[in-house]
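Hi,

Here is the model I promised to pass on. Please have a look at it below, and my notes follow.

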Amino acid sequence: MEGINFNQIGVSFKGSGSYVPKQILTNHKISDKVDTSDEWIKSRTGISQRRIAGLEENVTQMGYKAAMSAIQMAKWDVETIDLIVLATSTPNDLFGSAPAIQAKLCANNAVAFDLTAACSGFLFALITASQFLKGGSYKRAIVIGADQMSSYVDWNDRRSCILFGDGAGAIAIEATNEFDNLIGFNMRTDGQRGSFLNLPSKNKKDSIIDKIEYSSGGFSPVQMNGQEVYKFAVREVPLIIKDLFKKVNYNSDKVDWLLLHQANQRILDSVGDKLKFSKEKILSNLQNYGNTSAGTIPLMIDEAIRNNTIKQNDIIATSGFGAGLSWGAALIQWG
Ligand code: ACO
């Protein structure tokens with residue numbers, strides 16, 4: 001960092017990358033473990049299969065691969081990266097996995113840290129990193145969303161285990177003094193409704209010495225009230241996107257793509273209907289990956305960039321939502 005550059009007014013999107021583990025867990029295979037069926041899962045969620053990180057894979061390794069491929073698309077020298085923000089709820093080091101990704105990338109001039117906001121994490125990280133760029137402190141940033149939910153779901157709970165998968169995505173953003181391709185954003189949290197979805201610490205009471213007690217660390221599996229999370233998503237997501245459109249004077253006609261957190265196809269369809277987006281404009285890949293938490297939005301962006309669905313200068317309305325409860329929206333122009 002060379003000091004503050006007050007001429008930097010916006011960000012541009014320079015590259016994307018993603019990584020998914022090789023192991024595929026189909027609905028049929030899950031049916032061998034819990035009392036469910038391919039038909040039930042597909043009709044209630046749209047999911048057909050998900051990827052599961054193997055013993056050699058974790059958030060650092062998936063995040064690194066996604067980041068490296070975004071850097072290659074951007075054609076950046078790793079030494080020019082100033083900032084790496086990793087959105088994750090499942091780091092393989094609770095002190096933070098972002099510095100380990102920085103080390104693997106050899107991005108020696110970057111500062112790297114984790115940010116946790118569950119399935120809204122990538123969006124919150126994108127907005128956070130953008131503030132450093134628009135504020136003039138940094139020029140180039142990598143924003144990563146990566147999660148390994150398979151380590152934290154209860155594989156005996158058919159109401160939740162069918163939803164999640166592992167994966168990572170990343171994007172490369174750069175400060176510019178000409179335009180701002182992060183056109184606008186909104187962020188919200190409501191801790192009052194936090195109990196609908198948790199990955200809580202498991203408190204095991206122990207004592208260090210006589211009369212000094214402590215709770216040993218660890219986590220319980222994901223606990224979810226699926227119906228309440230569903231109702232929250234289909235109510236709040238259209239509202240926050242509508243509010244954003246109003247703020248920046250946009251409507252769905254001016255937007256090329258609706259890219260929502262990939263939780264459930266029924267949520268995507270319902271939000272799309274409420275916002276009057278035609279089906280062709282709603283990006284979806286959850287049938288192949290399930291809900292990869294902070295990974296879904298950049299994973300979807302990367303797939304759509306690489307198969308030429310999202311093109312240079314396309315306008316994308318995106319929204320993340322999930323535990324916290326947390327939710328947010330951003331309007332971006334790719335390029
Ligand atoms: N297979 C077969 N039957 C099932 C399964 C399953 N996998 N899961 C539940 N059922 C049964 C239930 O036991 C229930 O049976 P009952 O009526 O005899 O009790 C019946 O199906 C209906 O259950 P519901 O929970 O009402 O099913 P619903 O239609 O709500 O679908 C689902 C459940 C898919 C979980 C839905 O509520 C949902 O997608 N919610 C949103 C969850 C979500 O997106 N969470 C992640 C948020 S992002 C983040 O931050 C991590």
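**Charged pairs**

Lys134 is partly exposed, at 22% relative accessibility (buried is under 20% relative accessible area, exposed over 50%, and partly exposed in between, with a 1.4 Å probe and protein chains only). Please keep in mind that this is a predicted model, in which local features need pLDDT of at least 70 and side-chain atom pairs pLDDT 80 or more, while totals for chains, interfaces and linings use all residues. Numbering starts from 1 along each chain as its sequence is written, and side-chain values use heavy atoms, without hydrogens and water.

Asp180 is partly exposed too, at 26%. Its side chain meets that of Lys134 in a salt bridge, 2.5 Å from N to O (a Lys or Arg side-chain nitrogen within 4 Å of an Asp or Glu carboxyl oxygen). This joins the loop between S7 and S8 to helix H5 (residues 121–134), across 46 residues of chain (helices, H or I, of at least four residues and strands, E, of at least two are DSSP runs numbered from the N terminus).

The whole structure holds eleven salt bridges. In another of them, Arg158 and Asp35 bring their closest N and O atoms to 3.7 Å, and these two residues lie 123 apart in the chain. Arg158 is partly exposed at 46%, whereas Asp35 is exposed at 62%. Lys205 and Glu213 also pair, at 3.7 Å, and both are exposed. Shared partners tie Asp190, Arg193, Arg235 and Glu236 into one network.

The largest nonpolar core has 44 residues, and Ile241, Leu258, Leu260 and Phe321 touch the most other members (buried Ala, Val, Leu, Ile, Met, Phe, Trp, Tyr and Cys residues joined through side-chain atoms within 4.5 Å). Helix H6 (226–248) is among the elements that contribute two or more residues, and its nine residues are the largest share. Leu258 touches several residues beyond four places away in sequence, including Ile241, Phe277 and Ala317 (contact is heavy atoms within 4.5 Å). A second, separate core of 36 residues includes Val11 and Leu283.

The open, mixed sheet runs S8-S15-S14-S13 (strands pair if DSSP finds at least two bridges between them). Strands S8 (182–189) and S13 each have a single partner, so one side of each is left without a neighbour in the sheet. S14 and S15 are antiparallel and joined by eight bridges; Ser319 is partnered with Ala329 in S15.

Best wishes
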